Amino acid sequence: MRKRRGGPRFGIAILLTLAVVVGFTIRLVDIQIVNASALTEQARDKRALEAPVYGARGDIIDRNGAILADSVERYDITVSPRVALGFTEMNGSVEQALAGIGQVTGQDPAALMQILTADPQSDYAVLAKDLTLDQYQAIDALGIPWVYAVRVQARTYPNGALAGNLIGFLGTDEPLAGLERSEDSCLAAQDGVISYERSEDGVRIPDTEVTEVPAKDGGTLQLTIDRDLQWYVQEEMAKAALSLGATWAAAVVVRISDGALMAVTDWPTLDPNDFAHADPAVTGSRAFAIPYEPGSIMKPITAAIAIDSGHATPLTQLNAPYAMDFGDAGIITDAEYHNPNLTLTGGLVYSSNTALSQIAGMVPDEQRMDYYKAFGFDQTTEVDFMGESAGYIPALQDWDPRTRLVMGYGQALSATILQMASAYQTLGNDGLRMPLKLVESCTAADGTITEPDAGAPRQVVQPATAQEVRNMMEMVYEHNGLWDDLNIPGYRVGVKSGTAEVAENGQYTSKSVISYAGIAPIDDPQYAVVVSAGVPWAAMSSQIARTFHDVMSQVLTLFRVQPSTGAANELPITW
Amino acid sequence: MSLTSPIPLARPRRAEPERPRRLTEVVTTRTQRRARPRVLHALVAVGGVLAIVGAQLLLSIAISGGAYRISDLQEQQRALTRQSEDLREQLEIAGATQHLANAAAALGMVPAGSTSFLDLSTGTVVAAPGIPDTVGCGGACNLVPNLLTAHLPVVLPKASDGTTVLGTPNQTVGATAPDAPPASTGIPSPVTH
């Protein structure tokens with residue numbers, strides 16, 4: 001008898017099979033479609049390893065592209081003491097290997113051994129840090145099986161302390177001072193991530209490298225500083241400071257047409273390559289950070305204010321004896337005796353405090369305050385340097401009778417050397433104050449160039465006023481008795497000297513700040529220079545005249561400034 | 001096989017019940033016989049599959065060989081990039097202002113004074129007296145310290161026998177100031193042709 005096909009058993013079998021097929025299909029769809037991406041991810045995670053890739057921090061360059069700060073690769077030699085101490089016979093003993101490393105790095109093999117034995121069970125110790133490529137290759141050639149080199153990013157400053165006051169330095173994790181810190185948004189690189197797959201035995205599988213996040217190099221920061229000039233000025237200021245026995249010295253060279261800072265020096269300063277050993281007091285820029293009473297280099301500003309506000313002219317006749325009683329304001333004296341019948345020009349030539357006190361007193365306080373602010377005093381400059389000081393002009397209600405007069409010759413107020421340079425730039429640029437500029441531009445890795453927004457120029461005094469003040473400053477250059485020190489043949493120059501007493505705890509001491517400020521060429525002003533030195537005894541400004549001359553000569557020579565034509569417009573000094 | 005064998009023994013197959021032999025037999029026709037697959041076909045098919053597998057293997061070897069080569073070359077490129085960076089760094093340091101100044105001083109150069117001008121109307125040279133050397137170190141004062149160039153020897157011009165002379169490393173001016181080059185007399189200078 002033939003069995004009928006399909007009975008209940010057959011049906012059940014079919015159903016079971018179908019159920020299994022459906023089950024598998026659902027699971028298949030689940031794996032291949034629904035959870036596909038998550039599972040692929042998991043699988044890859046099991047095979048793939050991620051590794052960081054480092055972007056290089058941007059360079060800092062001077063106006064001509066000379067590198068002031070540079071990113072380089074260094075190598076740390078790491079070791080697992082546990083493994084190393086277990087290795088005794090392969091490629092020689094541990095002692096031999098350490099002696100080899102010591103020969104390359106200059107370390108004492110015994111000290112290296114101490115690193116290894118400090119914690120013999122540890123899996124990580126650093127034998128040597130920051131090795132150069134040559135040193136790394138030398139150690140690599142030793143063929144020691146238990147050392148591993150780790151590539152690290154490092155920073156070098158090929159020119160050492162040149163502009164070290166401005167550039168600042170990097171700490172282990174972050175920039176700590178100067179432009180390195182304040183311009184970090186331009187310089188910083190972004191690290192990326194790559195992943196690669198490795199085989200069962202840990203070998204990297206070729207062609208599996210995937211860039212997950214590309215590393216981004218930092219931008220190049222171009223300064224307005226000129227490396228060669230900065231070096232020269234730093235050397236000159238150091239010479240001046242050493243021969244004066246000064247506690248500090250600073251200088252600023254500013255281009256008159258656009259307020260670009262060509263050199264900003266501090267003495268003493270640090271070598272950023274060796275900041276760890278630097279005196280913490282010099283790890284910034286004193287020029288920006290510490291204001292001082294400028295003394296008589298303020299007098300041309302006082303004269304400009306009085307002339308521009310219509311209260312005086314270069315020929316205003318003054319009775320300015322050596323000592324003068326100003327009533328409520330007390331007695332004001334000059335540094336030396338001179339003919340009391342001075343014009344305002346004569347007041348500048350003889351640097352007469354009594355003359356400039358009278359001139360300062362002519363201008364209403366509010367008006368003077370407005371001029372001071374317009375010149376850029378009592379506020380930080382557009383450079384906005386780290387830790388920059390705003391200087392100090394007393395609030396109007398604090399102007400007692402003496403204060404309002406002595407401010408005319410640069411006491412009872414304070415300014416940074418940058419603010420003084422900016423004021424002289426204003427006088428040189430026909431009264432148009434250009435924002436001070438230290439950073440020229442930031443060129444990102446993709447080539448986009450951004451220039452910092454420095455703010456708008458400001459007409460502080462009328463062009464005619466500025467020209468008259470320059471004319472008076474040329475008279476100072478010619479007639480203040482230091483012609484042999486100051487004379488720069490071929491160029492017409494305008495200068496003003498300053499000797500300020502240093503106040504400590506409200507009392508003027510015998511310490512002094514001596515300065516020279518000037519503009520050249522006077523017929524077509526190109527550069528303004530201010531040099532100052534803090535001296536722990538009563539020095540005279542004439543002692544720094546020669547330094548001003550040398551710096552200004554170098555500026556005119558280096559930048560190929562065309563020699564002056566014509567002669568000075570002689571102004572009467574006395575009447 | 002012994003009973004202690006870990007492999008489970010296969011059950012003996014149940015014997016098929018014998019069916020009565022049929023009287024008629026199905027005989028294949030000639031065409032049917034001809035249509036049967038031949039050994040040749042089988043060989044071709046299997047051979048083809050083997051050839052494809054072999055070719056794929058060779059291709060894959062070639063590709064991974066290429067991948068290893070790329071990897072090698074990339075490694076080489078990285079090493080060369082590193083070397084060029086290293087050389088660039090050394091060049092930067094050799095070109096450091098302090099090092100150049102010392103090299104110049106070693107050659108007998110001194111810092112220039114003010115610019116001098118020839119006044120054509122009077123036929124005279126107008127110039128200020130030179131800058132006094134207040135610290136007495138000429139051009140090699142090293143008042144702007146640089147850790148990186150401190151131990152870099154200054155290369156002096158070749159001696160008469162053609163050997164390169166290495167000068168003393170750059171020194172910082174201090175209690176014992178380095179010998180300043182004589183400013184006015186006997187300036188040592190390289191022989192020029």
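**Chat about the interface of chain A and chain B**

Me: How much area do chain A and chain B bury between them?
Reply: They bury about 3,300 Å², 58% of it on carbon and sulfur atoms, where buried area is the accessible area (1.4 Å probe) that two parts lose on being put together, summed over both. This is a predicted model, in which local features need pLDDT of at least 70 and side-chain atom pairs count only at pLDDT 80 or more, while totals for chains, interfaces and linings use all residues. Residues are numbered from 1 along each chain as its sequence is written, and side-chain values use heavy atoms, with hydrogens and water left out.

Me: And how many residues does the contact take from each chain?
Reply: The contact takes 42 residues from chain A and 39 from chain B, contact meaning heavy atoms within 4.5 Å.

Me: How many salt bridges are there across the interface?
Reply: The rule finds 2 salt bridges there, each being a side-chain nitrogen of Lys or Arg within 4 Å of a carboxyl oxygen of Asp or Glu. One salt bridge joins Glu89(B) to Arg74(A), whose closest N and O atoms are 2.5 Å apart.

Me: Which element gives the most to chain A's side?
Reply: That is H10(A), with 9 residues; helices here are DSSP runs (H or I, at least four residues), numbered from the N terminus.

Me: Switching topic, what does Phe375(A) touch, leaving aside its neighbours within four places in sequence?
Reply: Phe375(A) is in contact with several residues, including Ile301(A), Leu427(A), Arg458(A) and Val461(A).

Note on methods
Chains lettered and ligands numbered in written order. Helix = DSSP H or I, 4+ residues; strand = E, 2+ residues; numbered from the N terminus.
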